Every structure is written in structure tokens, then in C-alpha cells.
Amino acid sequence: MKRSLALLLLGLLALAAPLTEVYDRLEAVFQRISLANPTQALAALDQAQSLLRQAEDLPPVLRDAALANLQEARQGVVRRSPADLEARLLLVRHLLAKAFLDRALSLPPGERSSYLERLGRATGLKEVESLEGLAAEALRRRLEVLLLQRMAEDLSRALLASSRPEAYLALARAYARFLVIQDSPQSTLRAQAFVQALAKISGGEPFRPEVQGLQAQVARWRQNLLTPTPRAQPGAQASPSPAPPSSPPPSPTQLRISETALPEGIREEIGLLRLDPATAARVGEALQRLALPSLVNWLDSLDEVRGILAQAQLYTETGQYPRARTLLAYAYSRFRLKIYPVVGAYAPELAERADRLFLLMQNAVGLRTVDFTVLLGEIQEMEERLLGGSLGFWHTLQVQIQLFFLGIPRAVFFLLAAALAFFPLYLLRLTFGGRNVYWNLLGLAFLFLVLPIMVEGLSYMGSILAEYGGLPFLGVLANLSVAQALLPYLAWGLSAFLVVAFAGAGLRGIAAQFGLLRERGAEVTSTAQTPPTALTSETIVEWDEEF
């Protein structure tokens, strides 16, 4: 037993891997991604997602963003769009480069070589390895200068591009480089500016003014880094500046949204929500961090996740479980990227609960359509909470039961119930089985009573063998579940009708044999007085003879 637990623990630990090792494997996987072989490309993207989940020292924010971009890369493969595919892979590489840079800045000189080497490979900067001996601040400034120079070149290519895909790819490359140094204190750029420019290129709108604005900001940023900061003279003393006139402190009841640099449209929209001022301000800041110009755009993202889950539910209903799970994983990536930050601003417990439900469903065995119904209700609950409402206690209770019961516990419950259902059938046949037709009818009624339980257990047995036993063709047995589709539900209703019919016929016959039921003519009271009949041995009903 101890040996088995030790082997299991070692297996779990083997799933985690250092970020440097994960990146080396990712580079080999990325080389197999090509639109010439879409099937191989999709398989390689799945493997890349699995590798990212194994990275033990990758921050969750960067991991979620990288996973979301890999999911978008799948859409690029499906649409056969080389620009989309290459842009997403560039973003993934540079998000990992951001992790390498953060790790290198936290280490002393002499211990950064492995991180700086992979940082150079991810960004294409061969000069990075020669910066090993610099102090942390000098290393950061030097890397910013190098990346800003490359960003300026990429922006120039975007302005001179002869086609929109070429401009899109050049701007995406500049955006990816910005993600590596986005936390710089000298930065005046925002991710929202890049996202809006990319959206204009994709939408066929004029984009060159926005790119020129980005180019000017990059030039100013680089110039500030190259300009040496003036040092104060040793004997000079700074003259005290006059203190500004003090202003009265704001009232706690005043709206704090105006204190933040939120766009006017977002301020107006969140001001209409039935939220307290601090919560509304956090919602606005979350929208701005996501580069969403309006709350309506976030609701569109919520509808997008809802539509993906509805499509996954339909695939589950028709037995196409691999496609359903692929859509579920895509919906989760969109949820983490676009929905979770905003919901976490006004209902953090709801965001965490939905996140746990998503993760549980992705790993659960025997998914049913009712599981997606509960998850869709959770998505609707997010919208209701934002607008000041709620789906109520019943929905919350269903979600809590789902979190406790989904997956293996539910499958084991129905398998155990199906196995135990045979025992009372055996006892019934052993005790009352024979020539008496009425007891046989009762046996049939009991059979149809427990038949849905046995069929439900069979459906979960098929799901377990399909997912864990290497027998995918048995997944079709899941369609027998009453929680799956309309046909099993109607079959359950027919079974209940047969229970009532057979039980009624059998019990009526037994009651008639006991003399508890009389013919209608015998119920009329006779006026003639009939003499009492004496019992004889011929009128005694023997149990063995009748039953």
C-alpha cells in the first residue's frame, strides 16, 4: 500500500516541470504546427496546452493568457489563416519570455544564464546572453532599449505593408514584444492601444493613424531610456516647493469612479448599475484592463461563452463527446480571459465557483446535458448579479450539489444502485415465483421499476470504459441516460406507466383471490335470509395450492 502511494506521488510530481524544460519542449512542438497538415497542427496545439499546464513556475495570469492564445491558434488552423496562427504563436512565445525576464531580474548575476538564453530564443534577441553580468536595473533598461528598437521596426513594417494580413502580423509582433516589458515604470503605452489597432486592421478600417501614434510613443519611451538622468550636486540643496492649497477630503458618499482614468462611456455605463461606487469602479477598471471600450462588449463576450456551451451541450446530446469537450475547453479559455476578471470585480465568490465548476466538468467522467444546463445557469447568474438580480436559492443549491457529486462520485453512485437492483429481483423470484400469474405480474412491475436505475448504471459504465478503459465505442451507452436526451426521458415515462399497469393487474388478482373484491351483483343486499354455511375441509383454501 505504501509503495503504491509512493508511486502515485512520484507520478503526480512528474507532471510538474520547470519552465525552462517546458519551453524547450514547446519549441519542438511548435515546429510541427503547419497549415499544410491541420490534423497534426491541432494535435500539436493540444500537446502545447498540456505542456503549459505542467509548468510549475509560470504565473497563473501568464499561463491563462498563453492557453487562451493557443486556443485562438486552433481557430486559426480551422480557418486556415496563416496570419492568425503565427500571431498567436508569437504572443505565446513572448508571454513566456515575460516570465523568463521576471525570473532573471529576481536572480543575481551568474544565475540567469538559462533564463536569458531562452529569453533570447523567444524574442529573437541574440544580444541578450551578453547581458548576464549587468545589475538588475541596468539589465532591465538595456532589454527595454533592444525591444523598443525592434518594436519601432515592426511598426514601420506595419505602415509600409502592402496587405492587411502583412500589417496585422507586423503589428502583432510589436504587440508581443510590448508584453515582455509592459510592467516597465517608463512605459506610456497600454495594451488597449495595440488591441484597438489590430481590431481596425481586421475590420477593414483605416489603421495607420493609430499605428503612427504607437510609433511616436515608442520613440519617446526609447529616447527617455537613452537620455541619462541628471545627478544632483553634492552640496546643492533642493529648495522647498510651496505646498499646494489643501482641498477638503471627498465625502464617502461621493462617486469614486471619476477619480480613475476611465473613459467617459464606461463611466456612464457603470454608473447605471446597481452597485456600490467602489465595486462599480473596480468593474470599470477591469473593463479597461481588458481593452474593452464598453460594458456592452463584455456582455457580448458573455454571450459568446454562452453560445459555445450551448453548442457543446448539443454535441453531448448527439453523442459527439470529443467535440463537446473541445468546445468546453475553448469556453473555459474565453471565460478566464474575458469574463473572470470582470466578474471577480463585483462577485468574486461567483467567479471562483464558476471557475471550479468549469475545471470539474473538464475532468469529469460521464458528462450529461443537464451538467451543461447547470453551467449555463451559472453564466446567466453572472449577468443577473451585474444587473442587481439573481437566479435564487434553487440554482445555488444545484451548483453546490454539482460541485460535490459530478464525475466519479455520481458514476459510482449509479453503478452501485444498478448492481444492488438485481438482489430484490432475485428475492422476489425466489419467494413468489411460480405458476401464479398475479405474482408474476408484480414481479414484472418491480422489474420495470428498477429498470431505469439499471440502465443509468449501464450508461455510466459505458462512459467509464470509453474514457478510462480505451474503449471509445462504448461511449454511445451514455445516450441511455435519462439525463441525456428526450428519448430516454420518454422511455422512463413508459417504464413508469408499465409499473402502474402491471402492479395494478397483479394486486387486483391477488385481492380477488383473497376474497377482498366482490362482483357487482354480489354487492346487492339480498332480502332473503340465507343460512350460515359451515366451514368444511373442501372450502378451506390452502396457501400451497393457490400460491
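Helix α4 is mostly covered, with 15 of its 19 residues buried. Buried means under 20% relative accessible area, computed with a 1.4 Å probe on protein chains only. This is a predicted model, in which local features need pLDDT of at least 70, side-chain atom pairs count only at pLDDT 80 or more, and totals for chains, interfaces and linings use all residues. Residues are numbered from 1 along each chain as its sequence is written, and side-chain values use heavy atoms, leaving out hydrogens and water.

**Helix α4**
- Helices here are DSSP runs (H or I, at least four residues), numbered from the N terminus.
- Helix α4 covers residues 60-78, and its 19 residues should span 27 Å at 1.5 Å a residue.
- That expected span is 1.5 Å times one less than the number of residues.
- The end C-alpha atoms of α4 are 27 Å apart, which agrees.
- Arg80 follows α4 and has a positive phi, near 55°.

**Nonpolar cores**
- A nonpolar core is a set of buried Ala, Val, Leu, Ile, Met, Phe, Trp, Tyr and Cys residues joined through side-chain atoms within 4.5 Å.
- The largest core has 81 residues, and Leu119, Leu171 and Phe194 have the most contacts inside it.
- Helix α5 (residues 82-105) gives this core its largest share, 14 residues.
- A second, separate core has 50 residues, including Trp298 and Leu375.

**Around Phe194**
- Contact means heavy atoms within 4.5 Å.
- Beyond its neighbours within four places in sequence, Phe194 is in contact with residues including Met151, Leu171 and Leu214.

Methods. Helix = DSSP H or I, 4+ residues; strand = E, 2+ residues; numbered from the N terminus.
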